[in-house]
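Let's take a walk through this model together. Have the sequence to hand and turn the structure as you read.

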Amino acid sequence: MKYKIMRVLCMFDLPVETDVERRAYRTFRKNLIKEGFIMIQYSVYVRVCPNRDYARRLESRIQKFTPLEGNVRLLCVTEKQYTDMKLLVGSRTTAETAIGTERLIII
């Protein structure tokens with residue numbers, strides 16, 4: 001069975017007007033980072049997954065810590081589709097460049 005490397009993009013817009021909402025935002029963001037996501041731009045995070053089944057399991061883990069308010073979207077794309085993404089202004093983040101398609105980086 002051939003595995004196709006995938007990228008899962010998490011895009012979110014969460015309210016941060018009250019202390020409770022700010023705490024929920026910080027907790028959500030910290031949990032995304034614990035799950036291996038890196039920020040590619042404000043409120044857009046990405047993670048490498050070895051295949052679609054792993055991406056589905058990751059989605060169910062993310063649902064467990066997603067806040068009740070706001071907007072959270074997940075998009076699963078192949079590595080080829082991700083590398084075809086055009087940067088019109090700016091550049092890749094240092095973390096994004098360092099990780100590439102690897103799931104484990106030893107520094």
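First, some ground rules. This is a predicted model, where local features need pLDDT of at least 70, side-chain atom pairs count only at pLDDT 80 or more, and totals for chains, interfaces and linings use all residues. Residues are numbered from 1 along each chain as its sequence is written, and side-chain values use heavy atoms, with hydrogens and water left out.

How far can you trust it? pLDDT is the predictor's confidence in each residue, on a scale from 0 to 100. The chain averages 88, and 85% of its residues reach 70 or more. Among the elements, H1 has the highest mean pLDDT at 97, while helix H4 (residues 94-99) has the lowest at 68. Where pLDDT is low, the predicted coordinates should not be read in detail. The element names come from DSSP runs numbered from the N terminus: helices are H or I runs of at least four residues, strands are E runs of at least two.

Now look inside. A nonpolar core here is a set of buried Ala, Val, Leu, Ile, Met, Phe, Trp, Tyr and Cys residues joined through side-chain atoms within 4.5 Å; buried means under 20% relative accessible area, exposed means over 50%, and partly exposed is in between (1.4 Å probe, protein chains only). The largest core has 16 residues, and those with the most contacts inside it are Phe12, Phe28, Leu32, Phe37, Cys49 and Ile62. S1, H1, strand S3 (44-49) and helix H2 (52-65) each give two or more residues to this core, with H2 supplying the largest share, 5 residues.

Click on Phe28 next. Leaving out residues up to four places away in sequence, Phe28 touches Cys10, Phe12, Leu14, Ile62, Phe65, Thr66, Pro67 and Val72, where a contact is heavy atoms within 4.5 Å.

Phe28 also belongs to a ring cluster, in which ring pairs link Phe12, Tyr25, Phe28, Tyr45 and Phe65. Rings of Phe, Tyr and Trp (its six-membered ring) pair if their centres lie within 6.5 Å; planes under 30 degrees apart are stacked, over 60 edge-to-face, and the rest tilted. The whole structure has 4 aromatic pairs. One of them is the tilted pair of Phe12 and Tyr25, at 6.0 Å centre to centre and 55° between the planes. With Phe12 in strand S1 and Tyr25 in helix H1, this pair links parts of the chain 13 residues apart. Phe12 and Tyr25 are both buried.

On to the charges. Counting a side-chain nitrogen of Lys or Arg within 4 Å of a carboxyl oxygen of Asp or Glu as a salt bridge, the model has 5. In one of them, Arg7 meets Glu79 with the closest N and O atoms 2.8 Å apart. Arg7 sits in strand S1 (residues 6-13) and Glu79 in helix H3 (residues 79-83), so this bridge ties together parts 72 residues apart in sequence. Both Arg7 and Glu79 are buried.

Asp19 and Arg22 make another bridge, at 2.5 Å from N to O. These two are 3 residues apart in helix H1 (residues 19-34), so about one helical turn separates them. Arg22 is partly exposed at 31%. Lys80 pairs with Asp84 at 3.1 Å; Lys80 is exposed at 56%, and Asp84 partly exposed at 40%.

Finally, find Ser43 in the loop between strand S2 (38-41) and S3. Its phi is near 65°, a positive value in a residue other than glycine. Ser43 is buried, with a relative accessible area of 12%.
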